[in-house]
Amino acid sequence: MSFEDYKKVIEEKYAAKDSSQMTARHKNFCLTNRSRGAKAMKILCDLEDVTSFNGERLLDIGCGHGGMTIEAAKLGMSAHGIDILSENIELAKINAQNDCNAVFLSGDFSFPGYSKHFEGETFDYIAVYDVVEHIYDIYTFLCNLRDVSTDNALIITTVPNQYGFNNIITEPHFGSPFATIIPKSFWPTLGYVSETTFHRSLGLYQALFASLEMPIEAVVCENYFSTKALQQYATPKLEKMKTIVSNIDKSKQEVVTPYLEWFFNQYQEDMEKNAVDPDYLYLKYFIDTICFYSRKTQKAETTIIKDFYQTSKTNKPFVLVESINYEQSANHLECEISVGEKLGENYTFAWYVFKVEKNSTKRIDIIWYTDSPSLSYTFKESGNYRIQFFIKQGEQLMYNFLPEDIHVP
Ligand SMILES: C[S@@+](CC[C@H](N)C(=O)[O-])C[C@H]1O[C@@H](n2cnc3c(N)ncnc32)[C@H](O)[C@@H]1O
(Lines give C-alpha, C1' and ligand atoms only; values in the text may rest on other atoms or scores of the structure.)
Protein backbone atom coordinates (compact mmCIF):
# COMPACT_ATOMS: atom_id res chain seq x y z
CA MET A 1 0.00 0.00 0.00
CA SER A 2 2.98 2.29 0.13
CA PHE A 3 2.49 3.58 -3.42
CA GLU A 4 -1.02 4.59 -2.24
CA ASP A 5 0.53 6.59 0.63
CA TYR A 6 2.93 8.19 -1.78
CA LYS A 7 0.07 9.15 -4.15
CA LYS A 8 -1.79 10.80 -1.27
CA VAL A 9 1.23 12.97 -0.44
CA ILE A 10 1.56 14.02 -4.10
CA GLU A 11 -2.18 14.78 -4.42
CA GLU A 12 -1.98 17.01 -1.32
CA LYS A 13 1.19 18.71 -2.51
CA TYR A 14 -0.28 19.59 -5.91
CA ALA A 15 -3.73 20.51 -4.56
CA ALA A 16 -1.98 23.43 -2.88
CA LYS A 17 -0.53 24.67 -6.21
CA ASP A 18 -2.31 26.23 -9.16
CA SER A 19 -3.37 23.89 -11.93
CA SER A 20 -1.27 25.36 -14.72
CA GLN A 21 -0.32 23.08 -17.57
CA MET A 22 3.27 22.72 -16.34
CA THR A 23 2.17 21.92 -12.80
CA ALA A 24 -0.17 19.26 -14.15
CA ARG A 25 2.74 17.83 -16.16
CA HIS A 26 4.97 17.70 -13.09
CA LYS A 27 2.26 16.00 -11.08
CA ASN A 28 1.75 13.45 -13.84
CA PHE A 29 5.51 12.88 -13.98
CA CYS A 30 5.48 12.11 -10.24
CA LEU A 31 2.48 9.81 -10.37
CA THR A 32 3.87 7.78 -13.26
CA ASN A 33 7.23 7.11 -11.58
CA ARG A 34 6.41 3.46 -10.90
CA SER A 35 5.03 2.72 -14.36
CA ARG A 36 7.98 4.42 -16.03
CA GLY A 37 10.30 2.38 -13.81
CA ALA A 38 8.50 -0.84 -14.74
CA LYS A 39 8.74 0.00 -18.43
CA ALA A 40 12.46 0.74 -18.09
CA MET A 41 13.02 -2.57 -16.32
CA LYS A 42 11.08 -4.41 -19.01
CA ILE A 43 13.39 -3.00 -21.68
CA LEU A 44 16.42 -3.86 -19.54
CA CYS A 45 15.21 -7.44 -19.05
CA ASP A 46 14.70 -7.76 -22.83
CA LEU A 47 18.15 -6.41 -23.45
CA GLU A 48 19.79 -8.81 -20.97
CA ASP A 49 17.45 -11.64 -21.97
CA VAL A 50 16.34 -12.37 -18.38
CA THR A 51 13.05 -12.15 -16.50
CA SER A 52 14.48 -11.42 -13.05
CA PHE A 53 17.78 -10.68 -11.31
CA ASN A 54 19.80 -12.30 -8.60
CA GLY A 55 21.20 -9.57 -6.38
CA GLU A 56 22.94 -7.65 -9.17
CA ARG A 57 23.63 -4.11 -7.97
CA LEU A 58 21.88 -1.11 -9.51
CA LEU A 59 22.44 2.57 -8.81
CA ASP A 60 19.63 4.91 -9.89
CA ILE A 61 21.22 8.36 -10.07
CA GLY A 62 18.74 11.24 -9.70
CA CYS A 63 16.16 8.68 -8.58
CA GLY A 64 13.50 11.31 -7.82
CA HIS A 65 10.63 9.55 -6.09
CA GLY A 66 12.22 6.16 -6.66
CA GLY A 67 10.09 4.38 -9.31
CA MET A 68 13.00 2.84 -11.19
CA THR A 69 14.89 1.84 -8.00
CA ILE A 70 11.77 0.19 -6.57
CA GLU A 71 10.93 -1.75 -9.73
CA ALA A 72 14.57 -2.93 -9.94
CA ALA A 73 14.48 -4.10 -6.30
CA LYS A 74 11.19 -5.93 -6.94
CA LEU A 75 12.87 -7.84 -9.78
CA GLY A 76 15.62 -9.07 -7.44
CA MET A 77 18.30 -6.41 -7.77
CA SER A 78 20.16 -4.85 -4.88
CA ALA A 79 18.86 -1.40 -5.82
CA HIS A 80 20.15 1.96 -4.58
CA GLY A 81 18.70 5.36 -5.42
CA ILE A 82 20.46 8.69 -4.94
CA ASP A 83 19.04 12.18 -5.36
CA ILE A 84 20.30 15.67 -4.66
CA LEU A 85 17.03 16.67 -2.96
CA SER A 86 16.48 15.14 0.44
CA GLU A 87 12.73 15.74 0.11
CA ASN A 88 12.73 13.46 -2.94
CA ILE A 89 14.52 10.81 -0.92
CA GLU A 90 11.90 11.09 1.83
CA LEU A 91 9.14 10.57 -0.77
CA ALA A 92 11.02 7.67 -2.37
CA LYS A 93 11.20 5.99 1.03
CA ILE A 94 7.43 6.37 1.50
CA ASN A 95 6.92 5.02 -2.02
CA ALA A 96 9.07 1.94 -1.30
CA GLN A 97 7.86 1.18 2.23
CA ASN A 98 6.55 -2.37 2.77
CA ASP A 99 7.16 -3.11 -0.87
CA CYS A 100 10.87 -3.72 -1.38
CA ASN A 101 14.32 -3.33 0.14
CA ALA A 102 15.55 -0.46 -2.00
CA VAL A 103 18.15 1.79 -0.37
CA PHE A 104 17.88 5.57 -0.77
CA LEU A 105 20.38 8.29 0.00
CA SER A 106 20.71 11.98 -0.80
CA GLY A 107 23.79 13.57 -2.37
CA ASP A 108 25.04 15.61 -5.30
CA PHE A 109 26.41 13.21 -7.88
CA SER A 110 27.99 16.00 -9.94
CA PHE A 111 30.23 17.07 -7.10
CA PRO A 112 33.97 16.51 -7.79
CA GLY A 113 35.12 13.34 -6.02
CA TYR A 114 31.61 12.42 -4.88
CA SER A 115 32.21 8.79 -5.87
CA LYS A 116 34.50 8.37 -2.87
CA HIS A 117 31.38 8.30 -0.69
CA PHE A 118 30.78 4.81 -2.04
CA GLU A 119 34.09 3.63 -0.58
CA GLY A 120 34.93 1.37 -3.51
CA GLU A 121 31.47 -0.19 -3.78
CA THR A 122 30.53 -0.60 -7.42
CA PHE A 123 27.35 -1.26 -9.42
CA ASP A 124 26.57 -3.58 -12.34
CA TYR A 125 23.78 -1.35 -13.63
CA ILE A 126 23.52 2.41 -13.55
CA ALA A 127 20.24 4.16 -14.36
CA VAL A 128 20.22 7.85 -15.21
CA TYR A 129 16.61 8.62 -16.03
CA ASP A 130 15.87 12.18 -17.15
CA VAL A 131 18.71 13.59 -15.09
CA VAL A 132 21.68 14.50 -17.33
CA GLU A 133 19.86 17.54 -18.73
CA HIS A 134 19.93 19.01 -15.20
CA ILE A 135 23.65 18.60 -14.73
CA TYR A 136 25.94 21.42 -15.77
CA ASP A 137 29.25 19.77 -15.01
CA ILE A 138 28.39 16.64 -16.92
CA TYR A 139 32.05 15.65 -17.23
CA THR A 140 32.53 15.42 -13.44
CA PHE A 141 29.16 13.67 -13.16
CA LEU A 142 30.27 11.05 -15.69
CA CYS A 143 33.66 10.64 -13.95
CA ASN A 144 31.80 9.84 -10.71
CA LEU A 145 29.52 7.50 -12.62
CA ARG A 146 32.50 5.70 -14.14
CA ASP A 147 34.17 5.37 -10.74
CA VAL A 148 31.17 3.57 -9.23
CA SER A 149 30.64 1.24 -12.21
CA THR A 150 31.96 -2.32 -12.29
CA ASP A 151 33.95 -3.26 -15.39
CA ASN A 152 31.47 -3.92 -18.14
CA ALA A 153 28.65 -2.20 -16.20
CA LEU A 154 25.60 -1.32 -18.28
CA ILE A 155 24.55 2.32 -18.08
CA ILE A 156 21.04 3.30 -19.12
CA THR A 157 20.34 6.94 -19.79
CA THR A 158 17.24 8.79 -20.89
CA VAL A 159 17.20 12.45 -21.83
CA PRO A 160 14.66 14.71 -23.57
CA ASN A 161 15.54 14.99 -27.24
CA GLN A 162 16.47 18.61 -27.86
CA TYR A 163 15.39 18.36 -31.50
CA GLY A 164 12.07 16.64 -30.78
CA PHE A 165 9.25 18.70 -32.29
CA ASN A 166 7.16 18.56 -29.11
CA ASN A 167 10.14 19.63 -27.00
CA ILE A 168 11.00 22.49 -29.34
CA ILE A 169 7.44 23.82 -29.10
CA THR A 170 7.11 23.23 -25.34
CA GLU A 171 10.32 22.84 -23.35
CA PRO A 172 9.58 19.83 -21.12
CA HIS A 173 10.52 21.47 -17.78
CA PHE A 174 9.27 25.03 -17.98
CA GLY A 175 7.31 25.16 -21.21
CA SER A 176 9.06 27.98 -23.07
CA PRO A 177 9.02 27.58 -26.85
CA PHE A 178 12.31 26.97 -28.73
CA ALA A 179 14.34 26.88 -25.48
CA THR A 180 15.77 23.46 -26.34
CA ILE A 181 17.48 24.78 -29.47
CA ILE A 182 18.24 28.38 -28.47
CA PRO A 183 21.72 28.72 -26.90
CA LYS A 184 21.45 29.11 -23.17
CA SER A 185 23.29 32.42 -23.23
CA PHE A 186 20.20 33.96 -24.91
CA TRP A 187 17.75 32.61 -22.36
CA PRO A 188 17.93 35.51 -19.89
CA THR A 189 17.26 38.00 -22.72
CA LEU A 190 14.13 36.03 -23.62
CA GLY A 191 13.07 35.82 -19.98
CA TYR A 192 13.73 32.06 -19.78
CA VAL A 193 15.01 31.50 -16.29
CA SER A 194 15.40 27.79 -15.60
CA GLU A 195 19.09 27.68 -14.75
CA THR A 196 19.36 24.00 -14.06
CA THR A 197 18.44 22.73 -17.50
CA PHE A 198 21.06 22.20 -20.20
CA HIS A 199 19.95 20.79 -23.54
CA ARG A 200 22.55 18.87 -25.51
CA SER A 201 22.48 16.72 -28.61
CA LEU A 202 22.80 12.96 -28.68
CA GLY A 203 26.09 13.49 -30.56
CA LEU A 204 27.53 15.45 -27.67
CA TYR A 205 26.49 12.77 -25.18
CA GLN A 206 28.10 10.20 -27.42
CA ALA A 207 31.33 12.17 -27.40
CA LEU A 208 31.26 12.59 -23.64
CA PHE A 209 30.50 8.95 -22.89
CA ALA A 210 33.02 7.74 -25.46
CA SER A 211 35.73 10.05 -24.12
CA LEU A 212 35.37 8.24 -20.80
CA GLU A 213 35.41 4.84 -22.47
CA MET A 214 31.72 4.19 -21.91
CA PRO A 215 30.66 4.08 -25.56
CA ILE A 216 27.00 3.99 -26.44
CA GLU A 217 25.95 0.54 -27.63
CA ALA A 218 22.32 1.05 -28.45
CA VAL A 219 19.90 3.90 -28.91
CA VAL A 220 16.21 3.37 -28.28
CA CYS A 221 14.01 6.19 -29.45
CA GLU A 222 11.03 6.59 -27.21
CA ASN A 223 7.74 8.30 -27.98
CA TYR A 224 8.03 7.97 -31.70
CA PHE A 225 4.58 9.43 -32.33
CA SER A 226 3.11 7.34 -29.50
CA THR A 227 3.96 4.69 -26.95
CA LYS A 228 2.33 2.11 -29.16
CA ALA A 229 4.61 3.06 -31.97
CA LEU A 230 7.50 2.82 -29.51
CA GLN A 231 6.73 -0.83 -28.96
CA GLN A 232 6.41 -1.43 -32.65
CA TYR A 233 9.48 0.54 -33.58
CA ALA A 234 12.01 0.43 -30.79
CA THR A 235 11.78 -3.09 -29.46
CA PRO A 236 12.39 -4.92 -32.74
CA LYS A 237 15.19 -2.47 -33.45
CA LEU A 238 16.93 -3.23 -30.19
CA GLU A 239 18.82 -6.26 -31.48
CA LYS A 240 19.94 -4.41 -34.55
CA MET A 241 20.93 -1.37 -32.53
CA LYS A 242 22.90 -3.46 -30.09
CA THR A 243 25.25 -4.28 -32.94
CA ILE A 244 25.88 -0.65 -33.82
CA VAL A 245 29.15 0.18 -32.19
CA SER A 246 29.68 3.85 -31.56
CA ASN A 247 32.63 4.01 -33.84
CA ILE A 248 33.93 7.40 -32.98
CA ASP A 249 36.97 8.53 -34.85
CA LYS A 250 39.33 9.48 -32.02
CA SER A 251 41.53 11.62 -34.27
CA LYS A 252 38.65 14.04 -34.66
CA GLN A 253 38.68 14.72 -30.95
CA GLU A 254 42.01 16.46 -31.46
CA VAL A 255 40.37 19.27 -33.39
CA VAL A 256 37.79 20.00 -30.75
CA THR A 257 39.21 23.12 -29.21
CA PRO A 258 37.42 25.97 -27.50
CA TYR A 259 38.32 28.23 -30.42
CA LEU A 260 36.64 26.07 -33.03
CA GLU A 261 33.17 25.77 -31.70
CA TRP A 262 31.69 25.71 -35.19
CA PHE A 263 33.94 22.77 -35.92
CA PHE A 264 32.48 20.95 -32.98
CA ASN A 265 29.04 21.24 -34.52
CA GLN A 266 30.49 19.72 -37.63
CA TYR A 267 32.00 16.97 -35.53
CA GLN A 268 28.71 16.33 -33.79
CA GLU A 269 26.95 15.89 -37.10
CA ASP A 270 29.66 13.56 -38.35
CA MET A 271 29.40 11.54 -35.23
CA GLU A 272 25.68 11.21 -35.47
CA LYS A 273 26.06 10.02 -39.04
CA ASN A 274 28.77 7.49 -38.15
CA ALA A 275 27.58 6.18 -34.87
CA VAL A 276 23.81 6.28 -34.87
CA ASP A 277 21.41 4.16 -36.81
CA PRO A 278 20.59 6.21 -39.93
CA ASP A 279 16.91 5.85 -39.08
CA TYR A 280 17.53 7.92 -36.01
CA LEU A 281 18.63 10.86 -38.15
CA TYR A 282 15.47 10.55 -40.18
CA LEU A 283 13.24 10.22 -37.14
CA LYS A 284 14.97 12.55 -34.77
CA TYR A 285 12.41 15.36 -34.98
CA PHE A 286 9.61 13.00 -33.91
CA ILE A 287 11.22 11.63 -30.78
CA ASP A 288 10.48 13.14 -27.36
CA THR A 289 12.86 11.08 -25.25
CA ILE A 290 16.09 9.42 -26.23
CA CYS A 291 17.12 6.33 -24.31
CA PHE A 292 20.63 4.99 -24.77
CA TYR A 293 22.71 2.16 -23.35
CA SER A 294 26.42 2.41 -22.82
CA ARG A 295 28.95 0.02 -21.34
CA LYS A 296 32.09 0.70 -19.35
CA THR A 297 35.20 -0.49 -21.15
CA GLN A 298 38.90 0.28 -20.51
CA LYS A 299 40.52 3.13 -18.67
CA ALA A 300 39.68 6.53 -20.00
CA GLU A 301 42.36 8.94 -21.14
CA THR A 302 40.77 11.65 -23.22
CA THR A 303 40.22 14.98 -21.54
CA ILE A 304 39.84 17.11 -24.64
CA ILE A 305 36.07 16.96 -24.46
CA LYS A 306 36.21 18.23 -20.90
CA ASP A 307 38.33 21.21 -21.93
CA PHE A 308 35.96 21.95 -24.74
CA TYR A 309 32.96 21.55 -22.56
CA GLN A 310 34.09 23.77 -19.76
CA THR A 311 34.98 26.62 -22.07
CA SER A 312 32.01 26.24 -24.40
CA LYS A 313 29.84 29.32 -24.68
CA THR A 314 26.66 27.52 -25.62
CA ASN A 315 25.88 25.78 -22.37
CA LYS A 316 27.81 27.75 -19.83
CA PRO A 317 26.09 28.45 -16.53
CA PHE A 318 26.53 31.89 -15.10
CA VAL A 319 29.01 30.74 -12.49
CA LEU A 320 31.14 27.66 -12.03
CA VAL A 321 32.23 26.52 -8.58
CA GLU A 322 35.88 25.38 -8.65
CA SER A 323 36.50 24.42 -5.08
CA ILE A 324 34.95 24.50 -1.67
CA ASN A 325 37.21 24.88 1.34
CA TYR A 326 35.97 24.45 4.85
CA GLU A 327 37.36 24.01 8.28
CA GLN A 328 35.59 22.91 11.42
CA SER A 329 36.75 23.36 14.95
CA ALA A 330 34.37 21.92 17.56
CA ASN A 331 31.00 23.62 16.90
CA HIS A 332 32.33 26.30 14.53
CA LEU A 333 32.51 26.13 10.73
CA GLU A 334 34.42 28.42 8.36
CA CYS A 335 33.66 27.89 4.72
CA GLU A 336 34.75 29.56 1.47
CA ILE A 337 33.62 28.86 -2.08
CA SER A 338 35.96 29.65 -4.92
CA VAL A 339 34.38 30.31 -8.30
CA GLY A 340 35.90 29.81 -11.73
CA GLU A 341 35.02 33.25 -12.97
CA LYS A 342 35.49 36.61 -11.40
CA LEU A 343 32.14 37.60 -9.96
CA GLY A 344 30.72 41.00 -10.80
CA GLU A 345 29.02 43.41 -8.43
CA ASN A 346 25.53 42.06 -8.28
CA TYR A 347 25.85 38.59 -6.90
CA THR A 348 24.25 37.56 -3.64
CA PHE A 349 24.97 34.49 -1.59
CA ALA A 350 22.84 32.50 0.78
CA TRP A 351 23.31 29.42 2.93
CA TYR A 352 20.91 26.84 4.29
CA VAL A 353 21.74 24.72 7.32
CA PHE A 354 19.99 21.35 7.58
CA LYS A 355 20.00 19.09 10.60
CA VAL A 356 20.27 15.46 9.47
CA GLU A 357 18.59 12.93 11.72
CA LYS A 358 17.94 9.25 11.28
CA ASN A 359 14.53 9.63 9.65
CA SER A 360 14.43 13.23 8.57
CA THR A 361 16.40 16.19 7.31
CA LYS A 362 15.13 19.56 8.57
CA ARG A 363 16.21 23.02 7.55
CA ILE A 364 17.07 24.81 10.78
CA ASP A 365 18.67 28.02 9.60
CA ILE A 366 18.94 30.34 6.62
CA ILE A 367 21.71 32.87 6.21
CA TRP A 368 20.64 35.32 3.56
CA TYR A 369 22.64 37.75 1.50
CA THR A 370 26.16 37.29 2.63
CA ASP A 371 28.34 39.65 0.58
CA SER A 372 30.99 37.11 -0.38
CA PRO A 373 30.89 33.35 -0.97
CA SER A 374 31.97 32.58 2.57
CA LEU A 375 30.26 31.46 5.74
CA SER A 376 31.24 31.62 9.37
CA TYR A 377 28.76 29.60 11.42
CA THR A 378 28.45 28.39 15.00
CA PHE A 379 26.20 25.38 15.66
CA LYS A 380 24.13 25.56 18.80
CA GLU A 381 23.96 21.86 19.55
CA SER A 382 25.68 18.62 18.67
CA GLY A 383 24.50 16.54 15.71
CA ASN A 384 24.97 16.05 11.98
CA TYR A 385 24.46 19.01 9.68
CA ARG A 386 24.26 19.48 5.92
CA ILE A 387 25.14 22.84 4.38
CA GLN A 388 23.70 24.09 1.10
CA PHE A 389 24.90 27.27 -0.60
CA PHE A 390 23.25 29.47 -3.20
CA ILE A 391 24.72 31.99 -5.60
CA LYS A 392 22.22 34.31 -7.22
CA GLN A 393 22.32 37.10 -9.77
CA GLY A 394 19.03 38.57 -10.94
CA GLU A 395 16.85 35.62 -11.79
CA GLN A 396 19.79 33.26 -12.12
CA LEU A 397 20.38 30.82 -9.35
CA MET A 398 23.03 28.20 -8.73
CA TYR A 399 23.10 25.95 -5.69
CA ASN A 400 25.10 23.08 -4.33
CA PHE A 401 25.93 21.24 -1.09
CA LEU A 402 29.13 20.86 0.86
CA PRO A 403 30.54 17.48 -0.15
CA GLU A 404 30.23 16.00 3.34
CA ASP A 405 27.91 16.43 6.26
CA ILE A 406 29.37 18.22 9.27
CA HIS A 407 29.47 16.32 12.51
CA VAL A 408 29.31 18.51 15.62
CA PRO A 409 30.34 16.60 18.75
C1 LIG B 1 13.42 14.89 -13.93
S2 LIG B 1 13.83 14.18 -12.38
C3 LIG B 1 13.92 12.45 -12.77
C4 LIG B 1 13.58 11.59 -11.59
C5 LIG B 1 13.59 10.09 -11.82
N6 LIG B 1 14.84 9.61 -12.40
C7 LIG B 1 12.43 9.67 -12.68
O8 LIG B 1 12.64 9.32 -13.85
O9 LIG B 1 11.32 9.68 -12.19
C10 LIG B 1 15.54 14.63 -12.20
C11 LIG B 1 16.07 14.24 -10.83
O12 LIG B 1 17.49 14.44 -10.79
C13 LIG B 1 17.83 14.94 -9.51
N14 LIG B 1 19.15 15.58 -9.61
C15 LIG B 1 19.46 16.72 -10.25
N16 LIG B 1 20.75 17.01 -10.11
C17 LIG B 1 21.30 16.00 -9.37
C18 LIG B 1 22.60 15.74 -8.88
N19 LIG B 1 23.60 16.57 -9.14
N20 LIG B 1 22.81 14.62 -8.14
C21 LIG B 1 21.78 13.78 -7.87
N22 LIG B 1 20.52 13.99 -8.29
C23 LIG B 1 20.27 15.08 -9.04
C24 LIG B 1 16.68 15.89 -9.21
O25 LIG B 1 16.56 16.22 -7.85
C26 LIG B 1 15.49 15.11 -9.72
O27 LIG B 1 14.90 14.28 -8.78
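**Helix 3 and helix 4.** I began with how helix 3 and helix 4 lie relative to each other in this predicted model, and I found that their axes come within 7 Å and cross at roughly 50°. Angles under 35 degrees count as roughly parallel and those from 65 to 115 as roughly perpendicular, and I therefore noted the two helices as oblique to each other. I also looked up the handedness of the crossing of helix 3 and helix 4, which is right-handed.

Next I asked myself which residues meet where these helices touch. From helix 3 (residues 33–48) I wrote down Asn33, Arg34, Arg36, Gly37, Ala38, Ala40 and Met41, which meet Gly67, Met68, Ile70, Glu71 and Ala72 in helix 4.

**Around the ligand.** I then turned to the ligand, which has 20 residues around it, and Gly62, Gly64, Ile84, Phe109 and Tyr129 come nearest.

Last, I followed an open sheet in the order 8-9-12, where the pairing is antiparallel. Strand 8 (321–329) and strand 12 (374–378) are at the edges with a single partner strand each, so one side of each has no neighbour in the sheet. The twist averages 10° from one strand to the next. Strand 9 (residues 332–339) pairs with strand 12 over five bridges, and I noted that Cys335 has Leu375 in strand 12 as its bridge partner.

Methods:
Residues numbered from 1 in each chain as written. Predicted model: local features only at pLDDT ≥ 70, side-chain atom pairs only at ≥ 80, totals over all residues. Axes fitted to C-alpha atoms, helices over the stretch in contact; angles between N-to-C directions. Helix = DSSP H or I, 4+ residues; strand = E, 2+ residues; numbered from the N terminus. Parallel < 35°, antiparallel > 145°, perpendicular 65-115°, else oblique. Left-handed = near helix turned anticlockwise from the far one by under 90°. Contact = placed C-beta atoms within 7 Å. Near = placed C-beta within 6 Å. Pairing = 2+ DSSP bridges.
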